[in-house]
Every structure is written in structure tokens, then in C-alpha cells.
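User: Could you walk me through the side-chain contacts in this one? I'd like to take it topic by topic.

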Amino acid sequence: MTDTVKLYTSSAEREVYENMAALYAIIVSLEYLERAFARDSISAHDYTNECNKLLLQYKTVSQMVSAEELAGFTHKYRLNCPAAARRLEVGIPSTIEHSSASGGTGNNARSVAKAVQDFITTMDALSMEMRSVDKLHPLLTDLLQSINAVPFIPADFKWKPTFRDWLIQLNQMKASDELDDGQARQLMFEVEQAYNEFKNMLDSSE
């Protein structure tokens, strides 16, 4: 009779394997979710909610796994999940990364007010030297989402990929990490430039 192979010999080792199993499940689930959304098999609303939940779960579980294990995880366990890998790199749902408002003026005033508020909130945070990832990531996510919701902002508005790249950069850092002086100054400069262009577009649309 074949002896049973034990994966762990202590509670600490057991926790490691449980965390790895959870990480595997999250990545696979995210891959299926991305494919379902690409095939229009799930609504944008449901996709966004589920994607945010999986991204949060990944962030939580990944902090319980060593950096070495995390770096080679997909290769070690032969995970072919390119869509999930992309979503984890960006750190926000596709609906926020790529969405753009349709034409019309139904909620134009409301969407403009929200965008202005998010611009000012982000600039105020940077002025007060808030530089940690866990403070800046949600601010930039809200800013990008509100910009996407403004009808007169074109899909190729040049600051959209700029803020997306910042989100990717922040997503690769730990929640407690902070931008250095140069990074904070550059981000402030780009947010201010984007806000000035936004106001110019607003004036032109009136």
C-alpha cells in the first residue's frame, strides 16, 4: 500500500500551503472573470464588483506569501492566465481602466463636479505630503474613473494612460511604501497639468 505523502508537518507549513491554494484559486477565478467579460457573458456592473473583490483578496493573500514564492508562482504551478496577470498588474477593473462616457448631457454637470472634486482632492493630498500607496492608489482610481465618466473628455485624452501607469506603479509597491520626493513632485505636476487641460475642455464645451 502506498504511504500518504504529507505536504506539511506543522501548523505554520499548513498555513503556507493554504495561502498558496487561495492564491491559485484567486488567479484562476480572475482569469475566468476576464474572459467572461470579454465575451459579454457578465454585466459591467457585476464584473466590476467581482473584479474588485478578487483584486482585494489577492492583495490580502499575497502579503501572506513570501516575495520569492510570489514572483515565480505562475511559472512554478504552470498557470497560463494572461488576462488575470494583466489585471493584477494594473490593479483596477477593465471597466475603470478603459471605460469612456457616451455622448450626451444627461449627467454632465454631475460628472464634471465629481471630476473636479477628485482632481482637487488628489492635489490637496499631495500638497499635504500624503505619499503612501494605500492613500494615493484609491485617489488615483477615483480620479481616473471620474475622468472616464465626463462626456466631453475624449477616449484618447493623453492623461488617462498617465494615471493608469501611475496605478500600475503603485500596484507593484507595498501598501506602506511611499513615493520619494521626485516621484511625488512629478505626480503633482501631471495632475495639475491634467486639471488645467480638463478646465480648458470644460470652457470649450460650454
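This is a predicted model: local features need pLDDT of at least 70, side-chain atom pairs count only at pLDDT 80 or more; totals for chains, interfaces and linings use all residues.

User: Fine. How many salt bridges does the structure hold?

Analyst: The structure holds eleven salt bridges. Side chains of opposite charge can pair when their charged atoms come close.

User: Start with Lys53, then. Which residue does it form a salt bridge with?

Analyst: Its partner is Glu50, and the closest N and O atoms of the two are 3.4 Å apart. Both residues lie in helix α2, which covers residues 44–62, and they are three residues apart, about one turn of the helix.

User: What about Glu89, which side chain does it meet in a salt bridge?

Analyst: Glu89 meets Arg86, with an N to O distance of 3.2 Å. This pair lies in helix α5 (residues 82–90), where the two residues are three residues apart, about one turn of the helix. Glu89 is partly exposed at 34% relative accessibility, and Arg86 is partly exposed at 32%.

User: Now Glu197 and Lys158: where in the chain do they sit?

Analyst: Glu197 forms a salt bridge with Lys158, the closest N and O atoms being 3.4 Å apart. This pair links distant parts of the chain, since Glu197 is in helix α10 (residues 181–205) while Lys158 is in the loop between α8 (133–149) and α9 (159–171), 39 residues apart. Glu197 counts as partly exposed, with a relative accessibility of 25%.

User: Which residues do salt bridges that share partners join into one network?

Analyst: That network is made up of Glu34, Arg86, Arg87, Glu89 and Glu97, joined through salt bridges that share partners. The Glu89 and Arg86 pair discussed above belongs to it.

User: Switching to the rings. How many aromatic pairs are there?

Analyst: The count comes to five aromatic pairs. One of them is formed by Phe37 and Tyr47, which are stacked, with 4.1 Å from centre to centre and 10 degrees between the planes.

User: Why does that pair tie together parts that are ten residues apart in sequence?

Analyst: Because Phe37 lies in helix α1 (residues 11–38) and Tyr47 lies in helix α2, the pair ties together parts that are ten residues apart in sequence. As for accessibility, Phe37 is partly exposed, with a relative accessible area of 23%, whereas Tyr47 counts as buried at 0%.

User: And how do Phe152 and Phe198 pair?

Analyst: Their rings form a tilted pair, with 5.9 Å from centre to centre and 35 degrees between the planes. Phe152 is in the loop between α8 and α9 and Phe198 is in helix α10, so that the pair links distant parts of the chain, 46 residues apart. Phe198 counts as buried, at 0% relative accessibility, and both rings belong to one aromatic cluster that Phe119, Phe152, Tyr195 and Phe198 form.

User: Okay, α9 came up a few times. What does it pack against?

Analyst: The buried residues of α9 pack against α2, α5, α7 (108–127), α8 and α10. Those buried residues are Trp159, Lys160, Thr162, Phe163, Trp166, Leu167, Ile168, Leu170 and Asn171.

User: How many disulfides does the structure hold?

Analyst: The structure holds zero disulfides. Cys51 is in no disulfide, and the nearest cysteine sulfur, that of Cys81, is 14 Å away. Cys51 counts as buried at 0% relative accessibility. Cys81 is in no disulfide either, its nearest cysteine sulfur being that of Cys51, and Cys81 is buried, with a relative accessible area of 12%.

User: Last one: where is Ala85 found?

Analyst: Ala85 is found in helix α5 and is partly exposed, with a relative accessible area of 45%. The C-alpha atoms of Ala85 and Leu30 are separated by 8.8 Å, although the two residues are 55 residues apart along the chain.

Technical notes: Residues are numbered from 1 along each chain as its sequence is written. Side-chain values use heavy atoms; hydrogens and water are left out. A salt bridge is a side-chain nitrogen of Lys or Arg within 4 Å of a carboxyl oxygen of Asp or Glu. Helices (H or I, at least four residues) and strands (E, at least two) are DSSP runs, numbered from the N terminus. Buried means under 20% relative accessible area, exposed over 50%, partly exposed in between (1.4 Å probe, protein chains only). Rings of Phe, Tyr and Trp (its six-membered ring) pair if their centres lie within 6.5 Å; planes under 30 degrees apart count as stacked, over 60 as edge-to-face and the rest as tilted. Contact means heavy atoms within 4.5 Å. A disulfide is a pair of cysteine sulfur atoms within 2.5 Å.
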